[in-house]
Amino acid sequence: MTNDDVLAVCRSNWEYRGLDEASVRELLEELSKDLADAEAAGRTPQDVVGQDITAFAASWARARRPLPYRLLRMAATVSYVLAVALLFGHLLRWSTVLPVLPSRIGFYAAVAAVTVAWELRRGSLGIRKGWLLAFVVGLPVLVITNRLTGDEPLFDLPLWGTLVLLLPGLPYAVVDARAKQAQKAARKTARTVT
């Protein structure tokens with residue numbers, strides 16, 4: 001892997017984590033200098049960043065973003081993802097009221113806890129690992145909770161309650177979508193220039 005590959009992976013990781021452009025540029029300059037010094041000394045980029053580049057980028061991002069900010073963002077993101085899942089439940093039932101079962105609460109809580117722990121420590125799970133996590137962690141919790149508590153609903157969640165859960169994560173979702181669009185535009189511009 002070349003220095004440019006390492007810088008590209010780190011840039012995308014930092015942008016995904018929501019670091020502002022000035023911070024990303026500063027981190028890239030620092031890392032670029034470290035990589036150039038290592039290359040001059042006859043070392044490889046892996047000697048600087050290690051074998052897991054995403055873990056390296058995540059550790060630098062954690063150092064840049066304080067824990068309370070990351071926890072606030074993660075809580076809003078979990079609320080947003082839960083609301084989207086609940087909206088699918090409303091759509092599948094074609095109802096404005098969704099019964100909330102203990103087994104579903106256990107499933108979502110287990111998946112959310114492991115996802116939050118993973119993302120705070122290592123970075124993004126991605127779609128494939130997220131689905132794998134749902135089956136490996138969430139499904140057993142769902143089955144066990146269903147056997148222990150039965151399938152009697154705890155309460156009914158109205159559609160407006162689901163929409164309220166959607167609100168905290170909405171600004172982050174918009175910012176992330178805009179950042180991805182800007183990233184695509186920058187890559188497209190870079191391709192046309194070269």
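Colleague: Is tryptophan 94 buried or exposed?

Modeller: Tryptophan 94 is exposed, with a relative accessible area of 76%, where buried means under 20% relative accessible area, exposed over 50% and partly exposed in between, using a 1.4 Å probe and protein chains only. Please keep in mind that this is a predicted model, in which local features need pLDDT of at least 70 and side-chain atom pairs count only at pLDDT 80 or more, while totals for chains, interfaces and linings use all residues. Residues are numbered from 1 along each chain as its sequence is written, and side-chain values use heavy atoms, with hydrogens and water left out.

Colleague: Where does tryptophan 94 lie, and what is its phi?

Modeller: Tryptophan 94 sits in the loop between helix H5 (67-93) and strand E1 (97-100); helices (H or I, at least four residues) and strands (E, at least two) are DSSP runs, numbered from the N terminus. Its phi is positive, about 50 degrees, although tryptophan 94 is not a glycine. Most residues other than glycine have a negative phi.

Colleague: What pattern does the chain follow along the sequence?

Modeller: The pattern reads α-α-α-α-α-β-α-α-β-α-α, with nine helices and two strands in the chain.

Colleague: And what is the radius of gyration of the chain?

Modeller: The chain has 21 Å, whereas a compact globule of 194 residues would have a radius of gyration near 16 Å; the radius is taken over C-alpha atoms, and the globule rule is 2.2 Å times the number of residues to the power 0.38. Along the principal axes, the C-alpha atoms fill a box of roughly 65 × 30 × 30 Å, and buried residues make up 32% of the 194 residues.

Colleague: Switching to the inside, which residues touch the most other members of the largest nonpolar core?

Modeller: Val6, Cys10, Trp14 and Leu31 do, out of 16 residues in that core, a nonpolar core being a set of buried Ala, Val, Leu, Ile, Met, Phe, Trp, Tyr and Cys residues joined through side-chain atoms within 4.5 Å. Helix H1 (3-16), helix H2 (21-40) and helix H4 (53-64) each supply at least two residues of this core.

Colleague: What is tryptophan 14 in contact with?

Modeller: Leaving aside neighbours within four places in sequence, tryptophan 14 is in contact with Leu19, Val24, Leu27, Leu28, Leu31, Ala57, Trp60 and Ala61, where contact means heavy atoms within 4.5 Å.

Colleague: What about asparagine 13, buried or exposed?

Modeller: Asparagine 13, which lies in helix H1, is buried, with a relative accessible area of 10%. Not counting residues up to four places away in sequence, asparagine 13 touches Thr54, Ala57 and Ala58.

Colleague: And which residues does serine 103 touch?

Modeller: With residues up to four places away in sequence not counted, serine 103 touches Leu142, Thr145 and Asn146. Serine 103 is found in helix H6 (residues 102-121) and counts as buried at 6% relative accessibility.

Colleague: Back outside, which residues form the nonpolar patch on the surface?

Modeller: Trp131, Leu132, Phe135, Val136, Leu139 and Val143 form that patch, with about 620 Å² of accessible area together. Tryptophan 131 belongs to helix H7 (residues 126-149) and counts as exposed at 56% relative accessibility. Patches are made of residues with over 30% relative accessible area and no salt bridge, like charges being joined within 9 Å and nonpolar side chains (Val, Leu, Ile, Met, Phe, Trp, Tyr) within 5 Å; a salt bridge is a side-chain nitrogen of Lys or Arg within 4 Å of a carboxyl oxygen of Asp or Glu. Accessible areas come from the Shrake-Rupley method with a 1.4 Å probe, and for residues only the protein chains shown count as cover.
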